[in-house]
Amino acid sequence: MLEKLERLAIHWKKSLPGLVGGHNTSRFAGPGQEFLDHRHFHHGDDLRAVNWRVYLRLEKLFLKMFQLEPRIPVRMLVDTSRSMLTGADGSKFDYARKLAGALCYVGLVRLDSICLQPFSDKLADAFIASGGRHRFQPALNFLSALRAGGQTDFLEVAREFISTYPQQGLVIVISDFLDDGDCEKPLQYLSDFGHELILIQVFDPSDREPPWEGELDLEDAETGQHVELAFDSDARAEYTAAFDEYAQAIRRVALRNNGRYVSLPTNVPVDEAIFGPLVRSGAVE
Amino acid sequence: MYLLNLGLGELLGLAGAISAGIVALYLLDRSKRRQLVATLRFWSAADVRTDLKHRRRIQQPWSLLLQIVSILLLLLAVAGPRLGVDQESGRDHVLILDTSAWMGARTRQGTLMDEARSLARAYLRSLPGRDRVMIVRADALATPATAFESNRSVLEEAIRESQPSASALNLSQAFEFAQRAQKLQTQRVGEIVFAGAGRVPEEEAKLTAAPRNLRVLPVNATGENVGLRKIGLRRSPKMPDVWEIFVAVKNYGSRPHAVDLALQFGGAPVGSKHLSLAPGAEEQSSFTYRTKAAGDLEARILSQDKPARDAFPQDDRAVIELPSQQSLRVVVYSAEPQMLRPLIASNPQVDADFEPPARYDPQVKADIVVLDQFAPAVRPHADSIWIAPPAGKSPIPVRETRSKATLERWRPDTTLGAGLRSKDVEFDSAEIFSLSPNDIPVAEASDGALIVARPGTPKMVVIGFEPLGSQMKYELATPLMIENILRWMAPETFLRREVQAGTVGTVNVALDKGVDPARIRVITEDQRPLPFTVEGNTLRFFAGAPATVRVLTGDRENVYSLTLPDVAEAVWSAPQNVRHGIPRSQEENSPGTDLWPWLAVLGGAGLLIDWLLFGRSRAFRLRAAKMAASMALKRAAWRKAS
C-alpha cells in the first residue's frame, strides 16, 4: 500500500505564501521555474530577472516574473474525543489514525511539512514530521500512542489553533464532527483566517443508521447523558435524515470556503477511501 | 385427556412454568436496551418518542395476556381433550390378583384363590372390548403376569395360572407398581382393581393411601387357622450330639383352639405337647433330641377340633433336614498316651485313637495324625501334628536345639495363636525351627519359632517342645493351643450349626460381635450367592420363594429352611370411598369429539393477533394508521375545496 501511496500528493487549491520547495503552484510570483508575467523594472529589483532581449528591442527594462511553488505547512487535526470510540470496537478512532498515517506518508514522500495535531476539547501535543519518508516511523509511533478521551469542543480548538499556528496552511480535519455545540462556525473561523480546509468525516454505519429497535436507553459517550426512547423504522428514517442534513451542513462549510469534504464510513477500507473518495475530491492527486 | 401421562397437578404445574417463562421472555423482550452512542443530537432531532420514562414494568399487559392464553390453548391442544367418551381408544386397567400364601386357604367351594380368579374373570367380562388390562400377581413382590393386553384369552390364561405363593401380601408395593404402570404405559388411565383377601402384615393393615381409581373385589379373608410359625434347632453347646429344638405355634383365628404338637425324627417320635391357644396367641415349645445322624425332623399340628375347621392346613406341617454330627477322627502315635489323652480325647467332637509308634501306618484312616516325639520314615497322608520330633527328622528343619529356651510370645495375629497367652515358660530343651516363606510361626522364643504351622495339603503343625513334659502342662494355653490346631485343620467339624424353619420373605440374622462383613457368605441350596445387607449386628436377606439358605459367618453356620408359608396376621380394609364389586357392563355410549384442532386454531390465531398488534408488525400498523390519517386529511381538503 505504501508503494501505491507514493504516487499521490496532497493537493491544495489556495495560493498560500511560503518558502520555495513545494509542489503546488501559487498565484504569488517568486523564484519559480514557470514563467508568470512581465512588469516594469523598479529600483532595487534583481537585475538577474531583467528580460534583456526585450530591453534590446524596446530599450525599456522589464522584469520577468516566475510562478512560485511554495512549501506550505500541512496540519492534520485528528479527533481523539470519546465519541470516536463508539461503534464497532472503537473503529472510528482506529480508522482516523490509519487515515492520518496514510496522508502523513503521502505528505512526507513529497517533502511536505506535516503537523499531526490531536484534539478533543483542546489541542493536545502535536507532532511535526518533515524531511522525507524516513520520518514516517516516528509519526506512526506517535499515532499509535494516541488515546481517545474527552469531549469535542470545536470552538475552543479553533481558537487555540488560530493562536498557535499563525501561518496559513492546509488544515485536514479528521473527525466525526459530532460536537454537541455548533462546529460550522469554528470551521468557518479557520477558513476565514486563511487556512484551506479538507474536512474528512469519519462515521460508523451505526452512527448514520442505528440498527436497534424497540425500547432504548441511550447514553451519550461524551457527556454521559441518558435518554430513554422507543425506536422503530420510522424513527430510524428520521434519524438518518437528520444525520445526512448535518453532514451536508459540514460539506457546505467546506465547499463555501473552496475546501474539500469527504464522508467516510468505517466499513470502507482505508486504501479504498484514499484512492476513491479522497482522490475524487481532489484532496490528494 | 392425554398429555404425556401427566396428572392434573402436573399439567397445571407445567402450564404455570410455561406462563412464567412467557412472562420472563416478555419482560426481556420489552426491557430497555442500554446502548452507548456517539451523540444524542440526532435522536432528539429525529423526533422519536421519549415519553417512556415512567412506564410500568409490564408495558403491554394485553399482549402478555394474549400470549399466555394462546400458549395455554396450544398446550391444551397437545393434551388432546375430547368431548364425550372416546370411542376408539379404551381405558387401561391394572388388575392386582392377590397371590399371597393365605389365598390358598380352604373355603366351602375350593380356595380363596378360586374365588379371586372368578371375580377377576367377572370383572374382565364387564369391561368393554377395547379396554386393556394388565394382570399383576401380588405377594411379597408385585409381578406383572401380562402387559396391558386387550386379548381376553391371554388375560384369562394369566388368571388361571395364578397360584398362591408362600409369602405374605405387600399391598402398598402392589398399588405403587400399578400406579407407576398406568402413569408410564397408558393413554387413558382406567381403574386399579384389587381381587383378593387382603391379608397383610400388621404394618400394612394401616395403609390408607389407596389409589383414587381403586376398585376392590373382596374375598372373604376370615378363617380359623392354627399354624407353625417358626422352628429353630441348634446343637447343644455342652453336648454336640444333642439338638435343642424350639417350635412356635400361632393361632391366627378368632376363637381359642386346642392342638397337639408332635415331632418326629426319621419316623420315630421325638416329643409331643398339648397346646391351648387363645385367639391371636403364639406359644413356643422346646424339645431336646440326641442324635448324630442326619435325617428329617417333622413337626406337625394335630387339631383336636374337626379337621375341616383349619382353613389353612399348609402351615400345619414342616419338615427340616438335619445334618449329621461329624466327629473328628484323630490317631495319636505316642509312647506315653496317658499324657496326651486328656488333652485330645476330652473334646466330645474328637474321636481319638491312641497307638504305640511301632504300629504306625502312613495310610491310617484318620483326619488328623498326632506324632508324639516320633518321626516316621514315611510321612502320614493326613494332616499331622508333630510334637517334639527328633531334630534330624523333623518335617520343618530344626535350626537349633537349645537347652533352657524360653517361650516369650504367642502370635495372636494368626488363627492358631488367637487368644493364647501364657507367662514366659522355660523349657529344658526346645527346638528352634527354620521357616519357609509360607510357614506360620505360632509361638516364638527370643531367636526363633518354637511352634510352626505349614498350610497346604496336608496341613502340618510342628511343636518344638513337649507341652506336657514341661511347665506348659500347667498353662491354660496348652489345651487352647490344641483346640486351635484342631479347628485350623478341620474347621468344618467345629462349625456351630443352627437350623431354622421360617417363612418366606425378609430374614434378619443376629451376628456375633466382631464378625467381618467381608467374610460373610449367604448362599442358596445350589451354592448361588444371595444379596444381603449388614446393618450393625443384623444381617438381612430376602427370599421371595421357598428355599434353603445358608448363612456362613466365621465358625458359625445358620441354615434357614424358608418353607413355611407366611400367613399375615391382619386384614386390610379398603377405605369407604373406594368402589367395591363388579361394575355394570360398560358397552359404549356416545362418540367423542376432538377438541384439539379448535384449540390449536385459537392458540395460533391468538399468537398471530399479538404479532400483528404488538410484535414487529407495529411498523405496518403505524404505516397503515398514517395512510388512513393522510387519506382522511385529503378527503377533508377535497370537501373543503368543493
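Helices (H or I, at least four residues) and strands (E, at least two) are DSSP runs, numbered from the N terminus. The model is predicted: local features need pLDDT of at least 70, side-chain atom pairs count only at pLDDT 80 or more, and totals for chains, interfaces and linings use all residues. Residues are numbered from 1 along each chain as its sequence is written, while chains are lettered from A and ligands numbered from 1 in the order in which they are written.

**Chain A: helices 5 and 6**
- Helix 5 (residues 154-164) of chain A packs against helix 6 (residues 184-192) of chain A at about 15 degrees, with the axes 8 Å apart; axes are lines fitted to C-alpha atoms over the stretch in contact, and angles run from 0 to 180 degrees between N-to-C directions.
- That angle makes the two helices of chain A roughly parallel (angles under 35 degrees count as roughly parallel, over 145 as roughly antiparallel).
- From helix 5 of chain A, A:F154, A:L155, A:V157, A:A158, A:F161 and A:I162 meet A:K185, A:P186, A:Y189 and A:L190 of helix 6 of chain A; contact requires C-beta atoms, placed from the backbone, within 7 Å.
- By class, the residues of this contact are nine nonpolar, no polar and one charged (Ala, Val, Leu, Ile, Met, Phe, Trp, Tyr, Cys and Pro count as nonpolar, Asp, Glu, Lys and Arg as charged, and the others, Gly among them, as polar).

**Chain A: helix 8**
- Helix 8 (residues 233-256) of chain A has 24 residues and should span 34 Å at 1.5 Å a residue, which agrees with its end C-alpha atoms being 34 Å apart; the expected span is 1.5 Å times one less than the number of residues.
- Its buried residues are A:Y239, A:F243, A:V253 and A:A254 (buried: 20 or more other C-beta atoms within 10 Å of the residue's own, with C-beta atoms placed from the backbone).
- A:N258, with a positive phi near 60 degrees, follows helix 8 of chain A.

**Chain B: overall and B:V249**
- Chain B contains eleven helices and 35 strands, and 32% of its 642 residues count as buried.
- B:V249 lies in strand 10 (residues 242-251) of chain B and counts as buried because it has 25 C-beta neighbours inside 10 Å.
- B:I301 is 52 residues from B:V249 in sequence and 8.6 Å away, C-alpha to C-alpha.

**Chain B: helices 4 and 5**
- The axes of helix 4 (residues 112-126) of chain B and helix 5 (residues 152-161) of chain B come within 10 Å and cross at roughly 165 degrees; the two helices are therefore roughly antiparallel.
- The contact of helix 4 of chain B with helix 5 of chain B has four nonpolar, no polar and five charged residues.

Notes: Angles under 35 degrees count as roughly parallel, over 145 as roughly antiparallel, 65 to 115 as roughly perpendicular and the rest as oblique. Two residues are in contact if their C-beta atoms, placed from the backbone, lie within 7 Å. A residue is buried if 20 or more other C-beta atoms lie within 10 Å of its own, exposed if 12 or fewer, and partly exposed in between; C-beta atoms are placed from the backbone.
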